[in-house]
Amino acid sequence: MTDVFGAVTEIIAKHCSLDAATLTADTRLEDIQVQSLDLVEIVFEIEERFGIEVPPNADAESRLEFATIGAIVDGVERILGQSKTT
Amino acid sequence: MNRVVITGIGVVSPVGCELQAFWDALVEGRSGIGPITTVPTERLAARIAAEVRDYRPEAHFTARATALMDRVAQFGVVAARSALADAGLVLDENLARHTAAIIGTGVGGQLSQDEAYHRLYGENAPRLHPFTIPRLMVNSASSHISMDLGIRGPTFTIASACASGTHALGVALDMVRAGRVPMALAGGAEACLAVGTIKGWEALRVLSNDTCRPFSRTRSGLVLGEGAAILVLETLDAARARGARTYAELRGYGMTADAADVTAPDAEGEAAAMRAALADAGLPVDAIDYINAHGTGTALNDATETAAIRAVFGEHAKRLAVSSCKAVLGHGLGAAGALEAAATALALHHGILPPTANFEEPDPACDLDVIPNIARQQQAAHALSNSFAFGGLNAVLVFSAL
């Protein structure tokens, strides 16, 4: 089982120069000063790490919710689950 | 109309990033052309260029900043910072809000584009880095200069290939002269030494394999270069009021298009630009002592430029001193005209005319006094700087000693 939470917090912590141990599922991105350009870079790194495609924002039906770290982890796990079944 | 003067110059060049080192190399005719070291050369036929050597981004920027900046934007910002410091200026709130930043760039973030497309087509990468567009956009140098220095007046990029920097200085001159802005940072930046770009130039068969020898019978083509030069333009009144050192007056400009061939130069269009510049400056042909030539070192450019100069200056052409700095600086495309404007202003300031370096033997098709190899102690009163771009776009600046 891939440690999605561990990998996502590691990417965000590195990007924001924070200690990964301080990040939880409830951490809100706006509270750790993640701006829009930071977010696209984080999504890029997540895609590279997991070999997945995060749907573009324009696709409102399937877009990931990026408000919290937990929401990102859920979204990544959902995409990973889909790719396993297809 | 305001008189406009140059009070600060910043350079990032193949012969140094300090103004004194830049000027010393031009006067000594010490060429910055050498083997290409910044990109792989195994697929290149032309393996020489005038690179900005020993450039270390970390000496100027944080890692976070360079992630968003192609080499061209970094060159622009470093030159702009130097220019402002050289002018002895700190931008207060009022000046920051109104100052213009008008920068010429021929091709933009070529290294970022080359790397991105290599990933996409060469390595079949499924995605590109999200900073790809901000890094490659042609206005990146102008935008980063604005953000770095807090400049919030008219800020944009002019792209006219090899005349971009000259066009930018002409437009900036107009804005300061008309009182539209109190001050402008203007010039050019280029970092075009990417494998894809060099291969494209190779295909045009205008690149030299050995070195750049403008106006010499043995000339073998142009050598690509890179770098940036930014000039601080202020009104003469403002410069005097603050007791600023002035390099020269930027007195006028001329701009024309050939409306002819896309790559071949056209003596008529070039001559028209020189005549327009003289008319704008209000000077007769015999007032000009020196021309900093476009002088690329290709067979066609140098002969055509000679014909254009002869057409404009007639008998006075015999008394003109003409030199090309491209033997030293290479051809920095959008930066070239700005680097050469810096050289022309310094020539008037120091009373020394830089030579045409690498000169071997005269060519009857380039029968001008080209100041071969040895600089000349001569205080020119008025000088031109020529830039003639692919696409048939011509721009000429007029400088006067103060």
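## Helices H11 and H12 of chain B

Helix H11 of chain B covers residues 267-281, and helix H12 of chain B covers residues 299-313. The two pack with their axes 8 Å apart, at an angle of about 50°. That angle makes H11(B) oblique to H12(B). Their crossing is right-handed. The model is predicted.

On the H11(B) side, the contact uses Ala267(B), Glu270(B), Ala271(B), Met274(B) and Arg275(B). H12(B) contributes Thr304(B), Glu305(B), Ala307(B), Ala308(B), Ala311(B) and Val312(B). Sorted by class, the residues in this contact are 7 nonpolar, 1 polar and 3 charged.

## Helices H8 and H14 of chain B

A further helix pair in chain B is formed by H8, residues 164-177, and H14, residues 336-350. Here the axes come within 5 Å. They cross at roughly 65°.

From H8(B), the contact residues are Ser164(B), Gly165(B), Thr166(B) and Leu169(B). From H14(B), they are Ala336(B), Gly337(B), Ala338(B) and Ala341(B). The contact of H8(B) with H14(B) divides into 4 nonpolar and 4 polar residues, with no charged ones.

## Chain B overall

What is the secondary structure of chain B? It comes to 14 helices and 14 strands.

Of its 402 residues, 57% count as buried. Take the contacts in chain B with a separation of 6 or more: residues 24 or more positions apart account for 80% of them.

## Chain A overall

Chain A has 3 helices and 0 strands. Along the sequence, its pattern reads α-α-α.

How much of chain A is buried? Buried residues make up 15% of its 86 residues. Among contacts in chain A between residues at least 6 apart in sequence, 63% join residues at least 24 apart.

Note on methods
Residues numbered from 1 in each chain as written. Chains lettered and ligands numbered in written order. Predicted model: local features only at pLDDT ≥ 70, side-chain atom pairs only at ≥ 80, totals over all residues. Axes fitted to C-alpha atoms, helices over the stretch in contact; angles between N-to-C directions. Helix = DSSP H or I, 4+ residues; strand = E, 2+ residues; numbered from the N terminus. Contact = placed C-beta atoms within 7 Å. Nonpolar A, V, L, I, M, F, W, Y, C, P; charged D, E, K, R; others polar. Parallel < 35°, antiparallel > 145°, perpendicular 65-115°, else oblique. Left-handed = near helix turned anticlockwise from the far one by under 90°. Buried ≥ 20, exposed ≤ 12 C-beta atoms within 10 Å, placed from the backbone.
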